[in-house]
Amino acid sequence: EKGYETGEHAPGLKLGGCGAYKAAHHIIKTHAKVWHSYNNTWRREQRGMVGISLTSGWGEPVDPHSQTDRDAAERYIQFHLGWFANPIYRGDYPEVMKNYVGRKSAQQGLGTSRLPTFSVQEKTYIKGTSDFLGIGHFTTRYVLQKNFPFLQVSSYHTDHDLAELVDPNWPAPGPKWLYSVPWGFRRLLNFIKTQYGNPLIYVTENGVSETVQCPQLCDEGRIQYLKGYINEILKALNDGVNVRGYTAWSLLDKFEWNKGFSERFGLYHIDFKNKNKPRYPKASVDYYKKIISANGFPNPREVMS
């Protein structure tokens, strides 16, 4: 979406309303081809697994008693996670995506939907091409219905007719977009369990960057973030969600898209101005060491149901 819709990321194409959908369509078909290639050629010998890693926030209805808000929150998830997961686990794009993009394309006078379609053969070929689901998750939004007026300039962002809100009381230890809302992760994991047949899940990305630039002792926000989110994964495990592993994002400070080296997600601080790039453990390192050495929280009182 940022590479082919807004042009914010490489390759910098501004193909509003269609570029992101086309790019995703090719990603999904390519993923399936790679899975089948491994399945037919290497699986018997290597006994490995091939999956896909998808990043998604959680969308919570502003008013849980409002059907329109609940529907909007459902669209939020389907236009993010379901966009890729639904074809792979259920054989086609989510119905709500097909309906909304199709209707808005027709309003524009287009003969076909801006959302590409899979042939019957492609649907069969794609469905089931994941031995595990990798999940990247960072934050949550409240969601409500918002009808965008008819626009000649189409956009992925206006196709789903919703608005996103945040609670100002949510901690924001890092960048402005990343609020710490641990309970959203448990809900996302349970959504995956229900929607996609409780697949094997590996958490491939989960973490926060800090806004204060210092080497060691000032990432208490990251410690609280890790504590909260890992706790919610434990609750999801107790719910019966099939989570097999967790990866904190990330081990080291690194190049972060268009933010460069200014946004630091690492457990280890890197001095990028020094030619030797020395690394310094942040306070979260010691905390995370204790969690992984115990394969859980060393102190049972830290776990709250």
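## Legends to the close-up views

**View A. The largest cavity is lined by Asn206, Gly207, Val208, Arg222, Leu226, Ala248, Trp249, Ser250, Phe265 and Leu267.** The model is predicted, so local features require pLDDT of at least 70 and side-chain atom pairs pLDDT 80 or more, whereas totals for chains, interfaces and linings use all residues. Residues are numbered from 1 along each chain as its sequence is written, and side-chain values use heavy atoms, with hydrogens and water left out. The structure holds one cavity of 30 Å³ or more, and about 30 Å³ of space lies in the largest cavity. On a 1 Å grid over the protein atoms alone, a cavity is a set of points where a 1.4 Å probe fits but cannot get out, and a lining residue has an atom within 4 Å of a point. Grid points are joined across faces, edges and corners, and a volume is the space filled by probe spheres set on the points.

**View B. Trp249 lies in the loop between strands E7 (243-246) and E8 (268-270).** Helices (H or I, at least four residues) and strands (E, at least two) are DSSP runs numbered from the N terminus. Trp249 counts as partly exposed because its relative accessibility is 26%; buried means under 20% relative accessible area, exposed over 50%, and partly exposed in between (1.4 Å probe, protein chains only). A cis peptide bond joins Trp249 and Ser250, with omega about 5 degrees, and Ser250 is placed in the loop between E7 and E8. Leaving aside neighbours within four places in sequence, Trp249 is in contact (heavy atoms within 4.5 Å) with Phe138, Thr204, Glu205, Asn206, Gly207, Val208, Lys254, Glu256 and Phe265. The C-alpha atoms of Trp249 and Leu226 are separated by 10.0 Å, the two residues being 23 apart along the chain.

**View C. Helix H8 spans residues 220-238.** Its 19 residues reach 27 Å from the first C-alpha to the last, close to the 27 Å expected at 1.5 Å a residue; the expected span is 1.5 Å times one less than the number of residues. Buried residues of H8 include Arg222, Ile223, Tyr225, Leu226, Tyr229, Ile230 and Ile233. The buried residues of H8 pack against helix H7 (182-195), strand E6 (201-205), E7 and helix H9 (283-294). H8 is followed by Gly240, whose phi is positive, near 100 degrees.

**View D. About 1,600 Å³ of space lies in the largest pocket.** Of the 42 residues that line this pocket, Glu1, Lys2, His9, Thr55 and Trp257 are the closest to its centre. Two or more lining residues come from each of H1, E1, helix H3 (67-90) and H6. H3 provides the largest share of the lining, six residues. A pocket is an open set of grid points with protein on both sides within 12 Å along at least five of seven lines.

**View E. Ring pairs link Tyr21, Phe79, Trp83, Phe84 and Tyr156 into a cluster.** Rings of Phe, Tyr and Trp (its six-membered ring) pair if their centres lie within 6.5 Å; planes under 30 degrees apart count as stacked, over 60 as edge-to-face and the rest as tilted. By this rule the count comes to 21 aromatic pairs.

**View F. The charged end of Arg103 sits over the ring of Tyr100, 4.8 Å from its centre.** A charge sits over a ring if NZ of Lys or CZ of Arg is within 6 Å of the ring centre and within 35 degrees of the ring normal.

View G. Most residues other than glycine have a negative phi, and most peptide bonds are trans. Arg47 is found in the loop between helix H2 (43-46) and strand E1 (52-55), and counts as exposed because its relative accessibility is 73%. Asp161 lies in the loop between H6 and strand E5 (162-165), and is buried, with a relative accessible area of 5%.

**View H. A cis peptide bond joins Ala10 and Pro11, with omega about 5 degrees.** Pro11 lies in the segment before helix H1 (19-41).

**View I. Ser154 is found in the loop between strand E4 (140-145) and helix H6 (156-159).** Ser154 is buried, with a relative accessible area of 12%. Leaving aside neighbours within four places in sequence, Ser154 is in contact with Glu5, Gly16, Gly17, Gln108 and Arg114.
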